[in-house]
Amino acid sequence: MLTKRLSRRDLGLGVAALAVTACAKTGTDAQAQDAMEMKMSDNANGIDWANLSEREWKERLTPMEFNVLRKEGTERPGSSPLNDEKREGTFVCAGCALPLFKSEHKYESGTGWPSFFDVIEENIGTKTDRKLFMARTEYHCKRCGGHQGHVFKDGPRPTGLRYCNNGVALDFVES
Ligand SMILES: [Zn+2]
């Protein structure tokens, strides 16, 4: 059976042109749909997300996604369309589509990054990040290792936690 598969790179200059204007959306809804379908078909085929090479990731991700997910970069605050996402649904890893947050976990933190007070805990891993002056708790997708953000203890009740997430590291799936 032949499955037609397109990487984001194959989708044409539109994506590249949009990526240059860093604050723009990373693609059209149709392109995002194609990328999501590719991840789903990879999952169905049992892809080994933890062992993709850097080159394979570069083929799959936009430059912004690659910088955040694979290089622990941080997007510019206020740049993600997911800041304003208020529909019911699930926020999944932009690398491998593993569900990480539910819409009811989201709240407005005022930081300019999509923020959540709870997480689908079994799907993330954490580590201590000492890159800045203080030790911060980094968290990432448990399946592909993709960096998502940092978790702080100044969130709202009931958890008191603030998962400060890069929007580019997530895709939203409406339920
Ligand atoms: Zn992932």
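How are the donor residues of the zinc ion spaced in sequence? Their pattern is C-x2-C-x44-C-x2-C. This tour returns to them after a look at the whole chain.

**Before you start.** This is a predicted model, where local features need pLDDT of at least 70, side-chain atom pairs count only at pLDDT 80 or more, and totals for chains, interfaces and linings use all residues. Residues are numbered from 1 along each chain as its sequence is written, and side-chain values use heavy atoms, with hydrogens and water left out.

**Select the whole chain.** Colour it by secondary structure. You will find four helices and nine strands. Helices (H or I, at least four residues) and strands (E, at least two) are DSSP runs, numbered from the N terminus. The order from that end is α-α-α-α-β-β-β-β-β-β-β-β-β. Of the 175 residues, 45% are buried, meaning under 20% relative accessible area with a 1.4 Å probe, protein chains only.

**Select residues 29-44.** This is helix 2, with 16 residues. It reaches 22 Å from first C-alpha to last, close to the 22 Å expected at 1.5 Å a residue; the expected span is 1.5 Å times one less than the number of residues. Show the side chains of its buried residues: Gln-31, Ala-35, Met-36, Met-38, Lys-39, Ser-41 and Asp-42. Step just past the helix to Gly-46, which has a positive phi of about 70 degrees.

**Select the zinc ion.** Its protein donors are the SG atoms of Cys-93, Cys-96, Cys-141 and Cys-144, 2.3 to 2.4 Å away. Donors are N, O and S atoms within 2.8 Å of the metal (3.2 Å for Na, K and Ca); water is not among the atoms, so sites may look incomplete. The angles between the four donor atoms run from 99 to 118 degrees, so the arrangement is tetrahedral; that label requires four donors with all angles between 85 and 135 degrees. Cys-93 sits in strand 1 (residues 89-93) and Cys-141 in strand 6 (residues 136-141), so this pair ties together parts 48 residues apart in sequence. Both Cys-93 and Cys-141 are buried.

Six strands form an open sheet, ordered 3-4-8-7-6-5, with antiparallel pairing. Two strands pair if DSSP finds at least two bridges between them. The edges are strand 3 (106-107) and strand 5 (124-129), each pairing on one side only.

**Last stop: strands 4 and 8.** Strand 4 (residues 115-116) runs antiparallel to strand 8 (residues 162-165), joined over two bridges. Pick Phe-116: its bridge partner in strand 8 is Tyr-163.

Note on methods
Buried means under 20% relative accessible area, exposed over 50%, partly exposed in between (1.4 Å probe, protein chains only). Four donors count as tetrahedral if all angles lie between 85 and 135 degrees; four count as square planar and six as octahedral if opposite donors are over 155 degrees apart and all others between 65 and 115; anything else is irregular.
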